Amino acid sequence: MSNSYLHFAIAQDAKDELRKFRAEFFKTDENLIYLDGNSLGKMPLSTIDVLKNTLEKEWGENLIRSWNKSWYTKNRAIGAKIAGLIGAKPEEIIVADSTSINLYKLAFAALQYRQGRTAIVSDELNFSTDLYVLQGLIAHQFKNHQLNIVASADAMSIQLDDLASAITHHTALVQLSHVAFKSGFMYSIDEVNKLIHHAGALDLWDLSHSVGAVPLELNRWNVSLAIGCTYKYLNGGPGSPAFLYVRKDLHEDLINPVSGWFGAAKPFNFSLEYEAASDISKFLSGTPSILALNALEVSIDMHLNAGNQNIRAKSLLLSQFLLHLFHQKLRKLNFELGSPEVDENRGSHISLKHPEARRICEALIQPDIGNHVVIPDFRSPDNIRIGLTPLYTSFQDIYYAVEELELIVKEKLYEKIQLDSNQVVT
Ligand SMILES: *Cc1c(COP(=O)(O)O)cnc(C)c1O
């Protein structure tokens, strides 16, 4: 009986137009089902060749001459490619530093620009680093400002009305994650920006959990500022550099608080006075990691090839299949849905809640429990997060992952797990 779902999965995989991309990633154990690409994307095979070339040719042979050949403009060149993924102009994006650092730079710039207003609005679904950076800005620099964190009524989503009543003419900045890291809740940037701009505030969107998974139209939605991570859906590799976006008309007025030489108008003049560049490169600070930039480019090209709309279409089909199996098989095993059901309100991961989530998650990963090694991740207190990454997740992956969840819970196999309190990363 349950095999009809397997047949469905096989048929879906057979007609999946993005199927060929799966073979472009490093091949892992046949029995391994990777559902954590929203936290660390898989490694594209050609990353190995690109890095080998960077090491042997660009660094080894060409040495410092490579700066003029291709390195010096890499931040901008890859930024321009990312612009194609997120509906922005090539000259509005630059790749640099980490998401946290870029958030610091742009939030600082926004608060400076909107002096006189002293409120910052965010929400309680936001990622910890975002809130910490805002708190730090208030503690050390903008001491009269206040952070207003909008609460979630259902621990899963934010009501637009609640957000609207938090935004006033005192609001300088609204900083939100487009897709919430735990529940996968997704804002309509278009709608929210209308509220923000009506109040005369600036918007700063964190796209870490949406870029590479859902289509983005930054210019069409009149986004002022944005940042995003590249080691999740964009498969740039652990700690790969992040990007930042500043709408063109703000380039002149916004300052970079970390005014290093790479953001100067003429870095190689080594003049004693800082003079900021006039374009997006003013938001650079110091020398970028070229190894990391070159590794990142591989997967950006893959995404451009695959096409945003195709990626979203497959992500929704995968999500709907998982939701269907949740209703048919997992609900009766005490699982609850920790993500919005409606497609428009959800990114590309789904959280399943269970009182034994932590041990179930460990049991999924253990090779000697069940038939597959399934790797999702655990987010406190009771979420098993399942990342659906259309370039390499198959429908059969979903089928077998759910089968494994059923087995582990029905047979109480999670009772074999002794939680390791020393394990830091979950
Ligand atoms: C992953 C993630 C980050 C990561 O920030 P780093 O500076 O790369 O550690 C930031 N914000 C959100 C919303 C994320 O999902």
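1. Start with helix α6 in this predicted model: Thr 129, Asp 130, Leu 131, Val 133, Leu 134, Leu 137 and Ile 138 are buried there. An α-helix has 3.6 residues a turn, so residues three or four places apart point the same way. The partners of α6's buried residues are α5 (99-113) and the strands β3 (119-123), β4 (146-150), β5 (171-177) and β6 (202-206).

2. As for its geometry, α6 runs over residues 128-140, 13 residues in total. From first C-alpha to last it reaches 18 Å, close to the 18 Å expected at 1.5 Å a residue.

3. On to the aromatics: searching the whole structure turns up 17 aromatic pairs. One of them is Tyr 72 with Phe 268, edge-to-face, with 6.2 Å centre to centre and 70 degrees between the planes. Tyr 72 lies in the loop between α3 (66-69) and α4 (74-86) and Phe 268 in the loop between β8 (243-246) and α9 (290-306), so this pair ties together parts 196 residues apart in sequence. Tyr 72 counts as partly exposed at 24% relative accessibility, while Phe 268, at 53%, counts as exposed.

4. Now have a look at Phe 108 and Phe 142, an edge-to-face pair at 5.1 Å centre to centre and 75 degrees between the planes. Phe 108 belongs to helix α5 and Phe 142 to the loop between α6 and β4, so the pair links distant parts of the chain, 34 residues apart. Phe 108 is buried at 10% relative accessible area, and Phe 142 is buried too, at 9%.

5. Tyr 72 and Phe 268 also belong to one aromatic cluster with Trp 67, Trp 71, Trp 261, Phe 262 and Phe 270.

6. Last, a charge over a ring: the charged end of Lys 232 sits over Phe 127, 5.2 Å from the ring centre.

Methods:
Residues are numbered from 1 along each chain as its sequence is written. This is a predicted model: local features need pLDDT of at least 70, side-chain atom pairs count only at pLDDT 80 or more; totals for chains, interfaces and linings use all residues. Side-chain values use heavy atoms; hydrogens and water are left out. Helices (H or I, at least four residues) and strands (E, at least two) are DSSP runs, numbered from the N terminus. The expected span of a helix is 1.5 Å times one less than its number of residues. Buried means under 20% relative accessible area, exposed over 50%, partly exposed in between (1.4 Å probe, protein chains only). Contact means heavy atoms within 4.5 Å. Rings of Phe, Tyr and Trp (its six-membered ring) pair if their centres lie within 6.5 Å; planes under 30 degrees apart count as stacked, over 60 as edge-to-face and the rest as tilted. A charge sits over a ring if NZ of Lys or CZ of Arg is within 6 Å of the ring centre and within 35 degrees of the ring normal.
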